[in-house]
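Please open the structure in your viewer and keep the selection panel at hand. The stops below are to be visited in order.

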Amino acid sequence: MKIFGVSEIAVRLPSFVAMVILLALVYRAADIYFGRRTAQLGCLILSTMLLPLVSAGAVLTDPFLALGVTLSMLAFHISAVHPTRFWRYGFFIGIVIGLLSKGPLVLVLIGMAIVPWLIFQNDWRSRISVFPWFSGSLIVLALSLPWYMASEIKTPGFLQYFIVGEHFLRFVDSGWSGDLYGTAHERPLGSIWIEFILASMPWGLVGLVAFLYFLITSRKKEISSFFREGNTTYLTAWALAAPGLSVISCLRHNMTPRSVYATQTKNPSDHAADHCPRTAGVVR
């Protein structure tokens, strides 16, 4: 803020930088697996989709959640073929970015994509063993715990609201009334899939049509081979993780379907203060 001042550009610059780094990661990953031409095309498609384009200029923490998830997901897959220090530790750095931007949600999104996919992989042991789990976990704790501790000290009740409430009670307690934002119960079950297409416009619709054409015109052997390919199944599991989480949440009648990015803009500490009136003055 001292450099750019309080302006429209200053408050949106972090989101833009996060999306630029995300695109760089996507380019590098696609180049490793599919070549430079595919990498360029992939970055063009991603950068011109509706939601990433809007998020790059919005005042949100969601671009950083997307960056964290992207880094961890790409690092997990690439480390199997390129076990460099960058990718092996990048998996844990991505988790840190997600924890600092949106909390434990990053672990859920990554886990819902990786664990089901990993179950069906014959080489799952070698994929897991490539990571420095001990030192990587220490890095995650060292970089994220101080922020959570400082937030709790500054605003007592923060952890109860943000961790227990936002990441547990809202999913298991249909009568939980602690949600301080959102529009729960106001939209029909399954609307996340419509939002999924809208958020990825125009390419999401193009991809859906192309996929349906492939299913109709291809032979069973070609279709079977397509779905057995490791990159395809991994990317599919990744793409379905966020919408799948929203559907599960809706089945608990406790959470409105949302697109890949959440839309709240308030700081978690503000939520904690609102939820704990006795401490509101500490934050404000």
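Select helix 11 first: with seven residues, helix 11 gives the most to a nonpolar patch. The model is a predicted one. Helix 11 covers residues 203-217, and helix 12, residues 220-228, also supplies at least two residues of the patch. To display the whole patch, select Leu205, Leu208, Val209, Phe211, Leu212, Leu215, Ile216, Phe226 and Phe227, which together make a nonpolar surface of about 770 Å².

Now move to helix 4, residues 62-78. Its 17 residues reach 24 Å from the first C-alpha to the last, close to the 24 Å expected at 1.5 Å a residue. Helix 4 is mostly covered, with 16 of its 17 residues buried.

For the last stop, select Ser101, which is found in helix 5 (residues 85-101). Ser101 has a relative accessible area of 12% and is therefore buried, as the limit for that class is under 20%. Which residues does Ser101 touch, leaving aside those up to four places away in sequence? They are Thr61, Phe64 and Leu65.

An α-helix has 3.6 residues a turn, so residues three or four places apart point the same way.

Definitions and conventions:
Residues are numbered from 1 along each chain as its sequence is written. This is a predicted model: local features need pLDDT of at least 70, side-chain atom pairs count only at pLDDT 80 or more; totals for chains, interfaces and linings use all residues. Side-chain values use heavy atoms; hydrogens and water are left out. Patches are made of residues with over 30% relative accessible area and no salt bridge: like charges are joined within 9 Å, nonpolar side chains (Val, Leu, Ile, Met, Phe, Trp, Tyr) within 5 Å. Accessible areas come from the Shrake-Rupley method with a 1.4 Å probe; for residues, only the protein chains shown count as cover. A salt bridge is a side-chain nitrogen of Lys or Arg within 4 Å of a carboxyl oxygen of Asp or Glu. Helices (H or I, at least four residues) and strands (E, at least two) are DSSP runs, numbered from the N terminus. The expected span of a helix is 1.5 Å times one less than its number of residues. Buried means under 20% relative accessible area, exposed over 50%, partly exposed in between (1.4 Å probe, protein chains only). Contact means heavy atoms within 4.5 Å.
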